[in-house]
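Colleague: I have a bit of time before the next class. Can we go through this structure together?

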Amino acid sequence: MESEQVDVAKIASQFIEACNDFQVPATRAAAEQILTSFRQIPKVLPIAKYILDHATEPMVQFQISLAIGQVAVRDYTLYAVDDLLQLKNYLIDYSLHHEKMPKYARDTLLSAVSLITKRSLSDVTPENRQAILSQLKQLLNANESNAASKLTGASLCNALVDQFSSTRASTVGLNWEFHHNARLFFEVDVLLALFQETITQLHTIIAANPTPSSTNASASPLLTELLTLTEKILTWEFETVKNQPCLPGTFGSSTNDDLDDQSPSSDRASYNVYPSSWKSVLGNQDVLWLFFVVYDVVQDHTVLGHRCLQCLIRLAGLQEDFFEHDQQAVQRYATTMMHGIVKMMHRGSPLPFPASLPSLAQRGTSPDELTNQGSQLLGTIQIVHFLLKNISIANFCATDEFFPFLQELQQLTVCCLQAAASDMSEDWITESCDECLRTWVVIADVIQPEDPRDLSARKGLSDGHLNQLNEIMKSVAYRVVEAYMQSQLERAKLVMQDDEEEDEIELGMKDWDTYEDQLTCIAILGRLHPQQCLTHLHQLLVDRLQRFHAFLAGSASDQGVMSGFFLADPGFGEQPLIPDAILQLSSSQPSDQDVVVHLCNQFLELLRVYSCFGPNSVEAANCSPRVAETLIWFMERWCKSFLLLNENDYGMVSANIARAYGRPGPSDGQGLNVLDFLLQQLKANFMLWNADPDVLSQLIRWLDTCGTSVNLKTSLVQSCKWPVRFLYEYAFPELIKFLTSNVGQLPESEHNYLIQTITVISSSVQDPGLRQQYLELIFNVVEEMLSSVLHRADFTQRFESLECLNPVLNALDVFDGIALAMDAYNTAPLFSFLSRFFDSFHKLFEIYKSSAEVHLLILRLLADLLNRVDMSHLSEEQKQGLYQFTMEIIRLYGSYNVGKKRIHSQEEEAERPYDDVCTVLNLLTNMMASDFEGQRRDTNAADVALFGIHTVIPMIDLEMLQYITLVSHLIVRFPDKLPTLPTTLMENLMSSLDYGIRHAVQEINMLTLHAVVPLAHWVLQHPGQAHVNLLRTCMERFLGELLNVLLFQHLESAIIYLASDALLGLVLVSPETYLKMVQQIIAQQPMALQSRLIHAFEKLDQATPKGAVVPSKDQSNLFRQHLSSLLVDVRAVLRVK
């Protein structure tokens, strides 16, 4: 015994010395090895207890506590349960008698307690289970003088909540079913009582320290632990109320750091769903009010204030279902929350709606002041937002507090907007502004629903309350919109003085993209009171026009952006109609006082004034390209809705708008005149801004809108047939001639987009002769670009010089624009034109054999051509020519790149890593997709694709998604081609599938499984074919990988459908191998689980078709149902954490 005592003392001494060395960088590695080897000592827990008894240093307490937790779980079966329970109680006593132990050491010690508690849960008596809660209550309810007991109790509660949660539980080597059952026990038997005890303790602390000046109380360790515990409980994901339970065996991802994320951009869920048994606690007004009182005390403490805010945000997310639609209970809840929110705005006030005390918004609107309140400001607004999202407006309006509450919120919103103008880089302010505007939109959607037919948000709302809300929201809307406009004006002034902001503008960051969410919200609000808002905008615009020189400096850009959002919707992929609020406003006003028409005409005048200068004039030099770009963006957005509008699209249309911008006809619309005017301005701006790529890109987008918009398209391309009274000259033909003759004066970066746009528009002309005339103009320009450099007398000598190389690159880029313009209607003429240059492209590929840029552009041109071409419009001769050209380009590419060494670090830093390889893979994928959608299979295309794969495989990394996509296409379309491939190519293809089955990205999993199914079916249909044995061997490997994924790995429910079909095919191909694999899986499990697994697999076998035949749809569906049942049953015991 004495010898053993000496050994223990020696081991303890080594452990303590290692703890000291661990804190020194030079000796940390050696110390870590000693600490690790200590855990390997058999039955080491008594020694660990001895070390803890004699520990005086916090690091020793921390390390030995860490070791106890890990060893107790790992060697659990080596110890008697009673011994482990005694150890657990010993650790709690140790914490109670070491009050000065640092938090990190205490938390680790109590984490070991929670680990032992959870691990032993299934082995203890029901009385011992119930004792868990009793022990916690006993610790928390100790005398006020016994601070160590309360602190230990609160810390232990935190540790237990972590260990029993789905996201913070430690790895203990037990299956999912154990974790799930432990979690359910804790959720049902402990959590609610623990929450009640926690809020009781919070109330006791706050009652003793009720004022914010009690800084010691606000920062006390006990209060910190209690608030952390409260937040963890309120964010608990309740299993008992899940509408869609997760697939068994799915462990929650770790979120240990989420509670500490205090950034304004942290994405937190808006609400939790709580069991109905919690209603008496969470719905209690005193409990709700307690959290506002606590926040009043701790708000100046960064961490505690954040914790309490997160609790309040969760409490603001209670839905009406939680109250079982008890209207009075819902209204009491809403009233309490509104009182509490106003208390936050009016710090320390005991009154619900004080008029004289300084509010949050009134304590300072400077960025510095609001930054100091950043978390509080954003948190307050989030609480309001979630409250309004989850409780109906009808219930709010039934309370006396709601309308005064909206006035308070208006003040806070204006405050945020004013501060945002002063400091554009402050995240807290920006996030707060966004949250304010989104909150107002929730209410605006009640008054003006996005879908007028959906009035569900008004359910239970009386006409009187709706009218009252409408009037208040009009006032609020104008005040908020006005503040936003002023904020944007102030921001524009600061931008001109801020080099960084100017740099962002130069980098292409557009206001309508950067502030799209804010502007959309402002537009929604503005349409609640359109007359006053649009009048204000019109006045601002007139003012800028009158102060013309100031306007040239760039101060009218913001009015253009805001007006664009007010007047029109984006309408992505559809014809956007004029908003109802705008139509109603215009219809209600005399034609000479219509603010909508006046504002639109003001922008047309602004465009005329800004476009009337010559490119080299002094005035043009003083014009702001930012303003020009904004004006053109406005015209693009405005034209889609207003210009040549179709009155049949509206139930009611404004006569003023129809007359000013509509079609000739009943309303005598002047839209054709406006369109002609705009085309003239478009031409003028192409020359005025011929050196500014941003403005030119926006001009081309505007032109594209004119050519593709339902309202404008027909009138634009038929403008040569307009009555002479509408025209100064033939508008569209002259525009095409103008653009094609001046394309050389524009930056090369815009040539592709311009040619693509005018080709698309020209292709839509109905008259064949006129259409061909337009296309010939474009073709001549494109051909001249290439011919001018290829026909140079010194090209063969100087082809590598920039003087020759740059025009070649530009010409290839423009040819790509033609390819991108191709569709089913213009395939014939565009392909005929492009195919004339296949030989030229081939020769360029050979001449520039060392130029990666030329190769990439030709490959991209071919990829885009194959993506856009409609094969049904090509003759067999044209198809064969395309296949031959593609194969030759791939052959050349392969010969020039074989053995090429790539610097992977440079590729990873590139904007598009491995761009050439990706483009080749994209090219081959496009070939497969373009030729067979709804068409018969073309084996020539498959030969080209397989040749391309064989060429490119040595160059690519299996990590590339495009490769998996291509392999999937090939196997789905041509499984019969695979046995004829060279062995190396076949092995590479099969390796990619093997890799794809186990890949972590769901998209790759699904593409792979999509390919495995037809491959397995082909083998079943051709049992006697040569090379089938090689495919069988590969599919046995797939079978093993798929079983491993389905049973033991993380699994997304979305892939089960495809996985079932793939597994069934693989089982039918190799039934003996499948049986061996299943038997091996069962044999590796504990005896207690084997019968359960055998029964589950026997049920699946009953649903498996007999014989090596392709299963029918009904057989596949039956197998899928039984596989789903098996996964629910066995993953629960096979998945381990």
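Colleague: Start with Leu 644: buried or exposed?

Modeller: Leu 644 is buried, because its relative accessible area is 0%. The cut-offs are under 20% for buried and over 50% for exposed, with partly exposed in between, using a 1.4 Å probe and protein chains only.

Colleague: Before I go on, what kind of model is this?

Modeller: The model is predicted, so local features need pLDDT of at least 70 and side-chain atom pairs count only at pLDDT 80 or more, while totals for chains, interfaces and linings use all residues. Residues are numbered from 1 along each chain as its sequence is written, and side-chain values use heavy atoms, with hydrogens and water left out.

Colleague: Back to Leu 644. Where does Leu 644 lie?

Modeller: Leu 644 lies in the loop between H31 and helix H32, residues 655–661. A helix here is a DSSP run of H or I with at least four residues, a strand is a run of E with at least two, and both are numbered from the N terminus. The phi of Leu 644 is near 55°, a positive value in a residue other than glycine.

Colleague: And Lys 43, what is its phi?

Modeller: Lys 43 is not a glycine either, and its phi is positive, about 45°. Lys 43 is in the loop between H2 and helix H3 (45–54). Lys 43 counts as partly exposed because its relative accessibility is 49%.

Colleague: Zoom out. How many helices and strands are there in the chain?

Modeller: The chain has 55 helices and 0 strands.

Colleague: How many residues of the chain count as buried?

Modeller: The chain has 1137 residues, and 56% of them count as buried. Take the contacts (heavy atoms within 4.5 Å) with a separation of 6 or more: 76% of them join residues 24 or more positions apart.

Colleague: Pick two helices. At what angle do H2 and H4 cross?

Modeller: The axes of H2 (residues 28–39) and H4 (residues 58–74) cross at roughly 35° and come within 10 Å. Axes are lines fitted to C-alpha atoms, for helices over the stretch in contact, and angles run from 0 to 180 degrees between N-to-C directions.

Colleague: Which residues of H2 make the contact?

Modeller: On the H2 side the contact is made by Leu 35, Phe 38 and Arg 39. H4 brings several residues, including Gln 63, Ile 64 and Leu 66.

Colleague: Some single residues now. What does Lys 137 touch?

Modeller: Lys 137, which sits in helix H7, touches Ala 193 and Glu 197, not counting residues up to four places away in sequence. Lys 137 and Glu 197 are 60 residues apart along the chain, and their C-alpha atoms are separated by 7.1 Å. Lys 137 is partly exposed, because its relative accessible area is 33%.

Colleague: What about Lys 279, where is it found?

Modeller: Lys 279 is found in helix H12, residues 279–282. With neighbours within four places left aside, Lys 279 is in contact with Asn 284, Phe 322, Phe 323 and Glu 324. Lys 279 and Glu 324 are 45 residues apart in sequence, and C-alpha to C-alpha they are 9.3 Å apart in space. At 26% relative accessible area, Lys 279 is partly exposed.

Colleague: Why does Gln 681 count as buried?

Modeller: Because its relative accessibility is 10%. Gln 681 lies in helix H33, residues 671–688, and, leaving aside neighbours within four places in sequence, is in contact with Leu 607, Arg 608 and Ser 611.

Colleague: What volume has the second largest cavity?

Modeller: About 50 Å³. Its lining includes Lys 88, Val 113 and Leu 160, and H7 gives the most to that lining, with 3 residues. A volume is the space filled by probe spheres set on the points, which are joined across faces, edges and corners.

Colleague: And the volume of the largest pocket, what is that?

Modeller: The largest pocket has a volume of about 1300 Å³. It is lined by 39 residues, and the closest to its centre are Glu 450, Arg 527, Asp 569, Pro 570 and Pro 579. Among the elements that give two or more residues to the lining are helix H20 (427–447) and helix H31 (625–642).

How values were computed. On a 1 Å grid over the protein atoms alone, a cavity is a set of points where a 1.4 Å probe fits but cannot get out, and a pocket is an open set with protein on both sides within 12 Å along at least five of seven lines; lining residues have an atom within 4 Å of a point.
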